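Let's take a friendly walk through a protein chain together. Have a look at the sequence and the 3D view, and then read on.

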Amino acid sequence: MSRNNNVRKDKKGRILPTNVRQRENGLYEGRITFNGKRYTLYNRDLATLKKQMTDRKYELEHGIYGDHSDVTVAEWYEEWMKTYKRPVLKYKTMKSYESRWNAHIAGKLGGLQISEVDKMTMQKYFSSLADTVSPLVYTSVSGMLHEMFGVAVENDLISKNPVILKPVDWKRYRANPKVPLTKEEVNIFLSYVHDNPYYSPLYPLFVVAFGTGMRVGEYCALQCDDIDFDSNLIRVNKTLIYPADYAPCRVDITDPKTASSVRFVPMLPEVRKAIEQQIKVLNICQRKVKIPINGFDDFLFLGNRGLPMNGAQVNRMIGLIVEDYNRNEEYKARKEQREPILLKNFSPHIMRHTFASRCAESGMEPKVVQEILGHTSVQTTLNVYTHLTQQYLGEKLLEKADFLF
């Protein structure tokens, strides 16, 4: 009886080998022990994992696996990604790993033999990296390399991890802060979009972006069914990605960034009005996505090709709108003999940052803003509260001008 109770089964009820288990996220984990050393492999497909384990065991028993004195960092990166990362990472996260490798690691370290890489090599590499990238990129690259070389130690390719994670003095580094748009800038931008016949179809999308603080992939993935007019809420439970290496016109719908990203966002009156307008246009034109994407087809914001809008398109349209507005504004200002009121270009994320900043300026509780934005940590939300616009801080100080003198 006890023997039957110890039999492992996967979520489909299949009996698993004694050295294989299925993790809570559905991933299969297999372990091999050879000469007192444990090797761990992962895959989402049980049959593929069994083959990987058989191949690895053969390599170990025949001395094929373990002679890695001439393995380069690039070769180990490919093996590490294939065996340890690609089976477990979501597509978007995997592409970010590949992007970091191609942009910041491959050219500097890829050609070195992994056995040659020591702490001095990595110290020189990180000193150079710190001069050229932001703290965020530096942290992600160093973390990735620390893990990659750590697994190399576990597999006896090297004896010690040459990557030591330690704090960096960023005082000499001046990052360009994310500056939210002012209320005037938002109104100028939205008014120009609304009144321009070419850009006006995008007006509801930009109102939703500025008025909800949703991530660009989240509002691009919205379906009409996600709008609950009775409760005045927008359901956020998926995100749209458009990877650069995808075939033309191909997009994908995936789970949100984190568990806390699944949420309901309240609709401000202007947001509700814009969405009602958008749904009305879709119904009149009978527009729907040409080909369902992972079973989803009733998208709220569609592009010209019959596909949902994506982040790259939104970013490109912002640039075109700002450029077009500034050109017209400069012409009008010359005619009227005044200084032009120009807009600075901004990214889709700045619309989210602008929403968060307006919430902070209004005195809204950080915990409430965290829930609306879908931040995993309230500290991320609190960072917005420490970057309020200088104009706002100046106005608040002047309101209390008599407190000091």
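Predicted model: local features only at pLDDT ≥ 70, side-chain atom pairs only at ≥ 80, totals over all residues.

## Getting started

Of its 405 residues, 42% are buried. Contacts also reach across the sequence: among those between residues at least 6 apart in sequence, 56% join residues at least 24 apart.

Let's begin with helix 10, which covers residues 269-285. Its 17 residues span 24 Å from the first C-alpha to the last, close to the 24 Å expected at 1.5 Å a residue.

Which residues of helix 10 are buried? They are Val 271, Ala 274, Ile 275, Gln 278, Ile 279 and Leu 282. Looking down the axis of helix 10, you would find these buried residues within an arc of 135 degrees, so they line one face of the helix.

Just past the end of helix 10, Gln 286 has a positive phi of about 55 degrees.

Next comes helix 11, made of 26 residues. Helix 11 reaches 37 Å from its first C-alpha to its last, close to the 38 Å expected at 1.5 Å a residue. Its buried residues are Val 314, Met 317, Ile 318, Ile 321, Val 322, Asp 324, Tyr 325, Asn 326, Glu 329 and Ala 333. Among the elements that cover them are helix 7, helix 8, helix 9 (216-220) and helix 12 (348-361).

How do helix 7 and helix 11 cross? The axes of helix 7 (residues 183-195) and helix 11 (residues 311-336) come within 11 Å and cross at roughly 90 degrees. Angles of 65 to 115 degrees count as roughly perpendicular, and helix 7 and helix 11 are therefore roughly perpendicular to each other. Helix 7 makes the contact with Ile 188, Phe 189, Tyr 192 and Val 193, while helix 11 brings Ile 321, Val 322, Asp 324, Tyr 325 and Asn 328.

## Stops in the loops

The loop between helix 11 and helix 12 holds Ser 347, which is partly exposed at 29% relative accessibility. Setting aside neighbours within four places in sequence, Ser 347 is in contact with Asn 315 and Ile 318. The C-alpha atoms of Ser 347 and Arg 316 are 9.0 Å apart, although 31 residues separate the two along the chain. Gln 337 belongs to the loop between helix 11 and helix 12 as well. Gln 337 is exposed, with 76% relative accessibility, and has a positive phi near 55 degrees without being a glycine.

Another residue with a positive phi is Asn 232, at about 60 degrees, and Asn 232 is not a glycine. You can find Asn 232 in the loop between strand 4 and strand 5, where its relative accessible area of 25% makes it partly exposed.

In the loop between helix 10 and helix 11 is Gly 295, exposed at 66% relative accessibility. Gly 295 and Ile 253 are 42 residues apart in sequence, with their C-alpha atoms 9.3 Å apart in space.

## Helix 4 and the cysteines

Ser 96 sits in helix 4 (residues 91-109) and is partly exposed, with a relative accessible area of 27%.

How many disulfides does the structure hold? The count is zero. In general, a disulfide is a covalent bond between the sulfur atoms of two cysteines. Is Cys 220 buried or exposed? Cys 220 is buried, at a relative accessible area of 0%, and Cys 224 counts as buried at 15%.

Terms used: Residues numbered from 1 in each chain as written. Heavy atoms only, no water. Disulfide = S-S within 2.5 Å. Buried < 20%, exposed > 50% of the residue type's maximum accessible area, 1.4 Å probe, protein only. Helix = DSSP H or I, 4+ residues; strand = E, 2+ residues; numbered from the N terminus. Expected span 1.5 Å × (residues − 1). Arc of directions from axis to C-beta. Axes fitted to C-alpha atoms, helices over the stretch in contact; angles between N-to-C directions. Parallel < 35°, antiparallel > 145°, perpendicular 65-115°, else oblique. Contact = heavy atoms within 4.5 Å.
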